[in-house]
Every structure is written in structure tokens, then in C-alpha cells.
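Please open the structure in your viewer and follow the selections in the order given below.

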Amino acid sequence: VPPKLLGSVPESLGVYPDWDHDVEFRFDEVVSEGSSPSQGLGTGDLEKLILLSPSRQVPVIHWKRDRITVRPREGWRPNRVYRVELRPGLQDLRRNRTDTAKVLTFSTGGPLPSDTLRGRVIDWVQGRSAVGPLVELVLAPDSLVYRTVGDSSGRFSIGPLPRGRWIVFAAIDQNKNLQRERRENYDSVLVVEGVDLIPALWPIPRDSLGPRIGSFTPNDSVSATIGFSQPLDPLQRIDSAAVRFMLQKDSTPVPFRSLLPKPVDDSLQKIIAARADSLRAAADTTHRDTARGQRPPPVPPVGKLGAAGKAPEVKVDSVLKSRPALYDKLVLRVDSAFAPGTRYLIEISGVRSAAGVASLAKGTLVIPPAKPAAPAGRDTTAIQADSAKVAAPSPSKPR
């Protein structure tokens with residue numbers, strides 16, 4: 001049985017103008033401090049379980065056997081609404097874990113809060129709901145920061161909160177330190193007063209530099225894949241006039257057939273292969289039935305059908321499908337095969353990242369030299385015949 005919360009000090013949803021004590025969570029048994037103690041760095045096990053708002057600093061947390069005390073590092077401020085959230089994951093000495101969050105809200109002056117904000121976070125890079133995203137709400141114009149963590153489906157609900165205008169940030173907390181950092185993927189939206197449902201947030205990399213080519217590798221003799229340092233704008237269509245593909249040694253232009261996002265190129269290649277298979281199947285059927293004078297059966301459409309010839313029903317997440325999927329790879333296809341042992345250069349001007357930053361991307365494609373032909377083997381037939389003659393015993397003479 002996990003630890004059970006007996007009560008908190010002070011009581012939630014109260015107004016305490018002269019409050020200058022620690023907030024306490026009291027349990028029915030001794031709880032675990034964890035293997036990493038609280039040192040004010042945000043790396044302690046208890047520090048990762050407690051969110052104190054509004055504050056940007058790691059709170060002062062003390063473990064007192066069956067109690068946990070919390071205080072803001074900068075001290076309690078008057079006329080503020082404080083929110084202390086104890087996240088799931090607190091353990092007792094037998095490692096039984098809590099699976100629900102506990103929230104304590106109180107005011108040091110002024111009216112009690114009444115608003116609750118809800119929303120959802122989508123990990124746009126991965127193309128799925130964000131798991132445990134960090135959500136920060138900045139109250140304007142005081143810039144007070146309230147934080148919470150979403151669930152495994154990316155949904156979050158935070159309240160009660162003071163009424164006002166909010167700037168909401170959602171971040172993929174990669175190092176799990178409950179702090180939004182510049183290198184982490186994030187998204188933001190402005191929420192006006194009186195709105196309780198926040199539009200979906202789509203965290204993406206926010207690099208101030210545009211996309212750079214990180215890899216340029218051949219797939220086969222007529223195609224190569226270009227990998228970028230960050231996801232590209234899915235709505236961008238790259239004009240062939242903005243692409244230069246040439247030989248490295250003398251900058252001679254090399255004609256190319258297409259430069260498409262990898263998901264689009266993969267879909268086209270599947271369609272082309274399916275059509276070729278259908279044509280071959282139709283030709284084989286026609287050849288078999290010509291002698292009988294029968295017409296070939298119609299070629300079934302490409303795709304999988306369920307029972308009674310109906311396509312299987314697939315549940316579609318309307319929020320995930322409201323934006324196109326991100327990609328970070330382009331596929332280049334040429335009319336003539338790449339020359340073995342040759343180096344090619346490509347320049348793509350104006351290619352944009354998902355954050356809208358454009359750049360001139362440059363890359364080098366190295367085609368390995370052709371493998372030398374294997375030397376012709378010696379004709380060992382005659383040698384084996386001679387060896388058989390030598391090994392065979394001579395016939396014995398009659399007495």
C-alpha cells in the first residue's frame with residue numbers, strides 16, 4: 001500500500017495574509033527521501049516530485065520521516081496565490097509508489113482563485129501525444145509563473161488560478177528537471193482572460209539557425225537521402241530553381257528528376273511498385289487464359305480490405321491529423337546513374353525549419369568507386385581428372 005496523505009498545512013483553498021511557515025505534507029507512514037537528497041539543484045528525488053508556483057527557482061525541500069516541508073527559496077510574498085503540487089511517484093520504505101497528484105492552493109492576500117485552464121500537448125517531432133510535458137503559464141503583466149506536468153496522453157489541467165491573461169508554454173522536458181530550457185523543444189500560445197480551454201500546443205526545436213545538411217548518402221544508383229539537422233517546414237515546397245546539384249571537381253550542373261520529402265517519395269515508390277506488380281499480374285493472367293478465350297479478371301485495387309470487402313475502421317486522432325507530420329529528410333532522384341568514385345555537391349537555398357528559419361543548406365555526396373571484378377578462377381577440371389588417374393589403383397595381373 002503506498003503512502004497515504006493525512007493532511008496538509010495550511011489547509012487548501014484558504015487565505016493566510018501573514019503566512020511565514022513551511023508548507024507540510026503529512027503521511028500515515030515514513031516516506032522515502034530517495035537515493036538523491038534535496039540540495040537545491042533540482043536533481044534530488046523529492047525535488048523532482050514537487051512543483052511550487054509561482055516561482056522559477058527550485059524550492060527548499062526538507063524530508064522529516066513522515067512529513068515533507070516546502071518553502072520558496074525567495075520566501076513567501078504577500079498578495080499572491082501559491083500552488084504546491086506533489087506529483088505521483090512518492091515511495092515508502094518498501095518502495096510502494098503513489099499514483100496520484102496532490103495539490104495545495106492558498107493565498108497570502110486577496111481573493112481566492114477560481115479559474116482552471118486545460119489543454120493538450122502534441123510532440124510534433126515524434127508525431128504523437130507528448131508524454132509528461134512540462135507546462136508553464138506566465139500571468140501578465142506580473143510575469144508570475146505557474147507550472148504543472150501533463151499526463152501520458154499530453155493532457156493537463158491546472159487550477160484554481162487567478163483570472164487574467166496568460167502566455168502558456170509547453171516543453172518536452174528531456175532531462176526531467178521541471179525547468180524549461182532553451183535547447184528543449186517548446187511551443188507557446190496567448191490565452192485571453194476568461195478562456196479555460198487552451199488550443200493544442202506543438203513543441204518543436206527553436207534553433208535560431210536554419211537547417212543544415214548533416215548527411216548525404218546514396219540509396220542506390222539513382223537516388224540519395226539528405227538528412228537535416230532539424231525538422232523542416234512541412235508546408236514548404238522546394239522549387240527546383242532553388243536547388244543546384246553539380247559535380248564537385250568542376251561545378252558542372254547535373255540534372256535531377258525530383259527532390260521530395262522522404263515520406264512523399266516513399267509513397268510514390270510504393271504506388272509505382274504496386275502498379276508494376278498489377279500490370280505483371282494482368283499480363284500473366286492474359287497469357288494463361290488466351291487459349292481458353294476467357295477475359296482476364298479485373299485487377300483488384302491496391303490496399304487491404306476487411307470483412308465483406310470493406311476497409312477496416314481505424315480510429316483517427318483528429319488533433320494529431322490537424323497538422324501535417326514533420327520530416328527531416330529529402331530524397332534526391334536523378335535520371336542517369338551516379339558515376340562511381342565521383343563527388344557531388346548540392347545547394348538548397350531558402351530551405352526553412354519547422355520554426356520558420358530559412359538558410360542555405362550545402363552538402364556533399366560521395367559515390368564509392370566500383371568494386372574491381374573478381375579474377376577469373378583457374379579451370380580445375382583437367383587437374384581433377386589427372387589427379388583421379390593418379391589416385392586410381394592399377395589393375396592386378398592374373399597369375
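This is a predicted model: local features need pLDDT of at least 70, side-chain atom pairs count only at pLDDT 80 or more; totals for chains, interfaces and linings use all residues.

Begin by selecting Arg 180 and Tyr 186: Arg 180 lies over the face of Tyr 186, at 5.6 Å from the ring centre.

Next, turn to the aromatic pairs, of which the structure holds 11. Select Tyr 16 and Phe 106, whose ring centres are 6.1 Å apart; the planes stand at 70 degrees, so this pair is edge-to-face. Tyr 16 belongs to the loop between β2 (14-15) and β3 (23-27), whereas Phe 106 lies in strand β8 (residues 102-107), 90 residues apart. Tyr 16 is partly exposed, with a relative accessible area of 24%, while Phe 106 is buried, at 0%.

Keep Phe 106 and select Tyr 82. These rings have their centres 5.9 Å apart and their planes at 25 degrees, so the pair is stacked. Tyr 82 is in strand β7 (residues 81-86), 24 residues from Phe 106, and is buried, with a relative accessible area of 0%.

Finally, move to the largest nonpolar core, which has 22 residues. Select Ile 226, Phe 228, Phe 245, Ile 346 and Ile 348, the residues with the most contacts inside this core. Strands that each supply at least two of its residues include β18 (223-232), β19 (243-247) and β22 (343-352). Centre the view on Ile 348: beyond its neighbours within four places in sequence, its contacts include Ile 226, Phe 228, Leu 259, Leu 330 and Leu 360.

Methods
Residues are numbered from 1 along each chain as its sequence is written. Side-chain values use heavy atoms; hydrogens and water are left out. A nonpolar core is a set of buried Ala, Val, Leu, Ile, Met, Phe, Trp, Tyr and Cys residues joined through side-chain atoms within 4.5 Å. Buried means under 20% relative accessible area, exposed over 50%, partly exposed in between (1.4 Å probe, protein chains only). Helices (H or I, at least four residues) and strands (E, at least two) are DSSP runs, numbered from the N terminus. Contact means heavy atoms within 4.5 Å. Rings of Phe, Tyr and Trp (its six-membered ring) pair if their centres lie within 6.5 Å; planes under 30 degrees apart count as stacked, over 60 as edge-to-face and the rest as tilted. A charge sits over a ring if NZ of Lys or CZ of Arg is within 6 Å of the ring centre and within 35 degrees of the ring normal.
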